[in-house]
Amino acid sequence: MRMRRMKNLQPRMDACSDLRIAEPAAMKGNWRSLKPDCTALWVEVGCGKGKFTAETAEANPDVLLIAVERCREAMVVAMEKAQAMGLKNVFYIDMDVANIEEIFAGDEIDRLFINFPDPWPRKKNAKRRLTYRTFLDKYCRVIKAGGEIHYKTDNAPLFECSVEEFAACGLEVKNLTR
């Protein structure tokens, strides 16, 4: 997601500091301490402006939702949305998801969401796709046995490529719709 630079980004980030995890590596293996009564830990990679994140957190108040976004301008919009809704079960991390194993322990995540990622259409950029096997292998190491990856895209070529990547990684595909 490409967004223009915000001149007032830092004050806006500071205003939402209660929703932002500044040192996510310190939480590795201990995420549930943010909401001890949670029934599950869900992670959304590439949350963008946070529409899905906020709606999911609101609909599932018993679940702890961690949203990962590397674009701080988009993340601040998402945090402001969650703050305005009064959500207490969602937290945000600004980082590249390629480092997911540095902040989540093995078998820690119950469900991972990948919603409408950048398709990186050129063949030479395939390794940048969030559904490329190197990313999928990392996700599999931090997701619990029996956990799920929920994936949505409106890009037909990316969809086809992703289904192939899931199969190559030995992932079982359920509820496949085109």
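Where is tryptophan 120 found? Tryptophan 120 lies in the loop between β4 and α5. The model is a predicted one. In this model, tryptophan 120 has a positive phi of about 40°, although it is not a glycine. Most residues other than glycine have a negative phi. Tryptophan 120 counts as buried, because its relative accessibility is 19% and the cut-off for buried is under 20%.

Phenylalanine 116 sits in the loop between β4 and α5 (133-142). Phenylalanine 116 is not a glycine either, and its phi is positive at about 50°. Its relative accessibility is 48%, so phenylalanine 116 counts as partly exposed.

Step back now into strand β4. This strand covers residues 109-115, and asparagine 115 is part of it. Is asparagine 115 buried or exposed? Asparagine 115 is buried, because its relative accessible area is 10%. Its side chain makes a polar contact with the side chain of glutamate 44, at 3.3 Å. Setting aside residues up to four places away in sequence, asparagine 115 touches Glu44, Gly46, Phe52 and Lys152.

Aspartate 110 is also found in strand β4. With a relative accessible area of 19%, aspartate 110 is buried. Which side chains make polar contacts with the side chain of aspartate 110? One belongs to arginine 32, at 2.6 Å. Another belongs to lysine 144, at 3.4 Å.

Glycine 146 belongs to strand β5, residues 143-152. Glycine 146 and aspartate 110 are 36 residues apart in sequence. In space, C-alpha to C-alpha, they are 8.0 Å apart. Glycine 146 is exposed, because its relative accessible area is 75%. Aspartate 110, by contrast, is buried.

Next comes a β-α-β unit. β2, α3 and β3 make up this unit, and it is right-handed. Strand β2 spans residues 63-68. In what sense do β2 and β3 pair? They pair in the parallel sense, over 4 bridges. Leucine 65 has valine 90, in β3, as its bridge partner.

Both faces of β3 are covered. Val90 and Tyr92 are buried on one side, and Phe91 and Ile93 are buried on the other. In a regular strand the side chains alternate between the two faces of the sheet.

Helix α3 is the helical part of the unit. It runs over residues 72-85 and has 14 residues. From its first C-alpha to its last it reaches 20 Å, close to the 20 Å expected at 1.5 Å a residue. Which residues of α3 are buried? They are Glu73, Ala74, Met75, Val76, Val77, Ala78, Met79 and Ala82. What do these buried residues pack against? They pack against α1 (9-15) and β3 (90-93). After α3 comes glycine 86, with a positive phi near 75°.

Turn to the cysteines. How many disulfides does a search of the whole structure find? The search finds 0 disulfides. Cysteine 71 is in no disulfide, and the nearest cysteine sulfur is that of cysteine 47, 9.5 Å away. Cysteine 71 counts as buried, because its relative accessibility is 12%.

A disulfide needs a pair of cysteine sulfur atoms within 2.5 Å. Cysteine 169 has a relative accessible area of 22%, so it is partly exposed.

The last stop is helix α4. Glutamate 102 has its place in this helix, which covers residues 100-103. Not counting residues up to four places away in sequence, glutamate 102 touches Ala25 and Lys28. How far apart are glutamate 102 and lysine 49? They are 53 residues apart in sequence and 24 Å apart in space, C-alpha to C-alpha.

Note on methods. Residues are numbered from 1 along each chain as its sequence is written. This is a predicted model: local features need pLDDT of at least 70, side-chain atom pairs count only at pLDDT 80 or more; totals for chains, interfaces and linings use all residues. Side-chain values use heavy atoms; hydrogens and water are left out. Helices (H or I, at least four residues) and strands (E, at least two) are DSSP runs, numbered from the N terminus. Buried means under 20% relative accessible area, exposed over 50%, partly exposed in between (1.4 Å probe, protein chains only). A polar contact is a pair of N or O atoms within 3.5 Å; within protein, one must be able to donate a hydrogen and the other to accept it, and residues adjacent in sequence count only if both atoms are side-chain atoms. Contact means heavy atoms within 4.5 Å. The expected span of a helix is 1.5 Å times one less than its number of residues. Two strands pair if DSSP finds at least two bridges between them. A crossover is right-handed if, with the strands pointing away from the viewer, the path from the first strand over the helix to the second runs clockwise.
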